[in-house]
Amino acid sequence: MAGGGYNAVRHPLPAMPRQSRSSLKNRASEVVRILSRHYPDARCTLDHRNPFELLCATILAAQCTDAKVNTVTPELFRRWPTPEAMAAADLAEVERVVHPLGFFRQKARALVEMSRDIVARHGGEVPRTMEELTRLRGVGRKTANVLLGTCFTGGGVIVDTHCSRISRRLGLTRHTDPERIERELMTLLPPEHWSIFGHLMVFHGRAVCDARRPACPECPVLHLCPEGALRTGAPAALREAAG
Ligand code: SF4
């Protein structure tokens with residue numbers, strides 16, 4: 001479905017009139033409402049049975065598709081099912097299992113070192129706070145947000161490449177730094193929408209809002225999107241979105 005025969009528009013985001021915070025918040029909530037109906041199955045697509053497995057899978061998903069990670073993790077979790085087992089694993093063996101995913105040396109080392117930290121500092125239990133999670137080797141803010149939003153509570157918005165790109169196209173942020181985007185989105189959305197917003201962006205990015213060829217005429221939030229208005233030549237939509 002992505003593409004739709006429309007060429008990428010190479011220009012900066014349109015200069016939009018200043019919008020009130022309430023207007024931006026309403027637009028963000030409307031995006032969540034519409035895309036939740038459009039993608040009722042939006043969720044984390046990394047296969048896992050517990051927080052440790054999700055932590056491993058999320059680390060492996062860097063620069064790689066979730067579908068590809070899911071082909072490797074059954075064998076990984078069969079051989080090293082717990083932080084204790086992974087902490088004691090032979091690094092070369094882990095490298096061999098995750099080799100198909102690319103960056104296999106860094107990823108294997110991250111799995112083993114992260115597991116050693118969990119064993120040494122948390123008694124073998126995956127910690128449940130952003131602060132503790134991001135102190136584990138190989139665990140950044142995005143990985144921690146995936147874990148908190150899926151298995152625990154207290155996570156923010158998961159900002160990956162889809163979320164970053166689409167949020168800017170929708171005019172919800174002008175930042176490019178993931179942490180600044182996350183903080184801005186968290187001011188626009190209620191906490192109960194933080195986790196689902198990231199998943200909706202991933203589903204929408206895969207299905208419609210492609211990085212190079214977004215299918216704007218098919219997009220259910222075209223009327224809310226300044227970038228889509230420019231691409232489709234619909235200034236009325238831009239004015240509406242600009243509020
Ligand atoms: S209108 Fe186009 S640019 Fe905007 S969110 Fe939809 S597909 Fe993406």
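These legends go with several close-up views of a predicted model.

**View 1**
Helices here are DSSP runs of H or I with at least four residues, strands are runs of E with at least two, and both are numbered from the N terminus. Residue numbers start from 1 along each chain, following its sequence as written. As this is a predicted model, local features need pLDDT of at least 70 and side-chain atom pairs count only at pLDDT 80 or more, while totals for chains, interfaces and linings use all residues. Of the 243 residues in the chain, 39% are buried. Buried means that 20 or more other C-beta atoms lie within 10 Å of the residue's own (exposed is 12 or fewer, partly exposed is in between, and C-beta atoms are placed from the backbone). Among contacts with a separation of 6 or more, 60% link residues 24 or more positions apart. Two residues are in contact if their C-beta atoms, placed from the backbone, lie within 7 Å.

**View 2. Here is the shell around the ligand.**
The shell has 15 residues, and Cys-209, Cys-216, Cys-219, Cys-225 and Gly-228 come nearest. A residue is near a molecule or strand if its C-beta atom, placed from the backbone, lies within 6 Å of it. Helix H9 (161-169) and helix H12 (226-232) are the elements that give two or more residues to this shell. H12 has the largest share, with three residues. By class, the shell holds eleven nonpolar, one polar and three charged residues. Nonpolar covers Ala, Val, Leu, Ile, Met, Phe, Trp, Tyr, Cys and Pro; charged covers Asp, Glu, Lys and Arg; the others, Gly among them, are polar.

**View 3. Helix H2 packs against helix H3.**
H2 (residues 51-60) and H3 (residues 66-79) meet at an angle of about 135 degrees, with axes 10 Å apart. That makes the pair oblique, a label for whatever is left once angles under 35 degrees (roughly parallel), over 145 (roughly antiparallel) and 65 to 115 (roughly perpendicular) are taken out. Axes are lines fitted to C-alpha atoms, for helices over the stretch in contact, and angles run from 0 to 180 degrees between N-to-C directions. On the H2 side, look for Glu-53, Cys-56, Ala-57 and Leu-60; they meet Val-69, Val-72, Thr-73, Leu-76 and Phe-77 in H3. This contact has seven nonpolar, one polar and one charged residues.

**View 4. Helix H2 also meets helix H8.**
The axes of H2 and H8 (residues 141-151) come within 10 Å and cross at roughly 145 degrees. Pro-51, Leu-54, Leu-55, Thr-58 and Ile-59 in H2 meet Thr-143, Val-146, Leu-147, Thr-150 and Cys-151 in H8.

**View 5. His-199 and Val-202 sit in helix H11.**
His-199 lies in H11 (residues 191-207) and counts as buried because it has 23 C-beta neighbours inside 10 Å. Asp-41 is 158 residues away along the chain, yet its C-alpha atom is 9.5 Å from that of His-199. Leaving aside neighbours within four places in sequence, His-199 is in contact with Ala-42, Arg-43 and Cys-44. Val-202 is buried too, with 21 other C-beta atoms within 10 Å. From Val-202 to Cys-44 is 9.3 Å, C-alpha to C-alpha, across 158 residues of sequence. Not counting residues up to four places away in sequence, Val-202 touches Asp-160 and His-162.
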